[in-house]
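I opened this entry to keep track of what I looked up, one item at a time.

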Amino acid sequence: WSCEAWSAASPASAEEWRRPTAHGGEISRSVTRDGNVYTGSTTRTGANGGAYTSSSKCIGGVVDRCARSYSGTGPNGQTFSGKRVSAAGPFRGRSAGSFTGPNGKTVYGSRRWRR
């Protein structure tokens with residue numbers, strides 16, 4: 001999720017929800033805002049035994065900065081995890097992250113973009 005999507009929220013607010021997914025699993029989400037700091041977490045469980053969790057923290061300002069970490073387990077028990085950080089200003093942004101797959105190998109990547 002993007003920090004920009006929550007800019008219209010009140011100075012201190014929180015939102016939580018939970019719902020079933022189309023294939024028999026469940027997803028839950030919580031987002032908290034305190035001033036220009038946003039924190040959030042997502043948990044998703046599948047009917048087949050898979051699970052995914054992520055947590056994020058964003059600081060809004062002239063340059064929005066976000067960090068997210070996530071991990072999951074597939075239905076066959078294989079695990080994965082990753083991290084991503086990003087910064088986006090009025091004219092350009094950049095992000096970098098890593099992903100560790102079921103085989104234990106980690107892949108790194110980064111990108112820059114113009115708005």
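Predicted model: local features only at pLDDT ≥ 70, side-chain atom pairs only at ≥ 80, totals over all residues.

My notes follow, from confidence and sheet down to single residues.

**Confidence**

I read a mean pLDDT of 90 for the protein, with 90% of its residues at 70 or more. I then checked residues 1–10, where the pLDDT is below 50. In the model this stretch still has 23 contacts beyond near neighbours in sequence.

**Sheet**

Next I traced the strand order. I found 8 strands in an open sheet, running β1-β2-β3-β4-β5-β6-β7-β8, with antiparallel pairing. Which strands sit at the edges? They are β1 and β8 (106–114), and each of them pairs on one side only. From one strand to the next I noted an average twist of 10 degrees. As a reminder to myself, sheet strands pair through backbone hydrogen bonds, parallel or antiparallel.

**β7 and β8**

Strand β7 covers residues 92–100 and pairs with β8 over 9 bridges, in the antiparallel sense. Arginine 94 faces another arginine across this pair: it stands opposite arginine 112 in β8. The hairpin of β7 and β8 has 5 residues between the strands. There I found glycine 104 with a positive phi near 85 degrees. How many of the 9 residues of β8 are buried? The count is 0, so I logged β8 as hardly covered, with buried meaning under 20% relative accessible area.

Strand β4 (residues 51–59) and strand β5 (residues 64–73) run antiparallel and are joined by 9 bridges. In this pair, lysine 57 stands opposite alanine 67 of β5.

I then searched for disulfides and got 1 for the structure. It joins cysteine 58 to cysteine 66, with S to S at 2.1 Å. Is its hand left or right? The torsion about the S-S bond is about 115 degrees, so this disulfide is right-handed. Cysteine 58 has a relative accessible area of 1%, so I marked it buried.

I picked threonine 42, which lies in strand β3 (residues 37–45). Buried or exposed? Its relative accessibility is 12%, so it counts as buried. I looked for polar partners of its side chain and found the side chain of arginine 29, at 2.7 Å. Leaving aside neighbours within four places in sequence, I listed its contacts as Ile27, Ser28, Arg29, Tyr52, Thr53 and Ser54.

Threonine 39 is also placed in strand β3. With a relative accessible area of 33%, threonine 39 is partly exposed, because it falls between the cut-offs of 20% and 50%. I also took a C-alpha separation: threonine 39 and alanine 14 are 25 residues apart along the chain and 9.4 Å apart in the model.

**Arginine 18 in β1**

Arginine 18 is in strand β1 (residues 12–20). I read 60% relative accessibility for arginine 18, so it counts as exposed. Not counting residues up to four places away in sequence, arginine 18 touches Glu26, Ile27 and Ser28. I took the C-alpha separation to serine 28 as well: 4.1 Å, at 10 residues apart along the chain. Ile27 and Ser28 had already turned up in my contact list for threonine 42.

Definitions and conventions
Residues numbered from 1 in each chain as written. Heavy atoms only, no water. Helix = DSSP H or I, 4+ residues; strand = E, 2+ residues; numbered from the N terminus. Buried < 20%, exposed > 50% of the residue type's maximum accessible area, 1.4 Å probe, protein only. Polar contact = N/O pair within 3.5 Å; in protein donor to acceptor, adjacent residues only side chain to side chain. Contact = heavy atoms within 4.5 Å. pLDDT = per-residue confidence, 0-100. Pairing = 2+ DSSP bridges. Axes fitted to C-alpha atoms, helices over the stretch in contact; angles between N-to-C directions. Disulfide = S-S within 2.5 Å.
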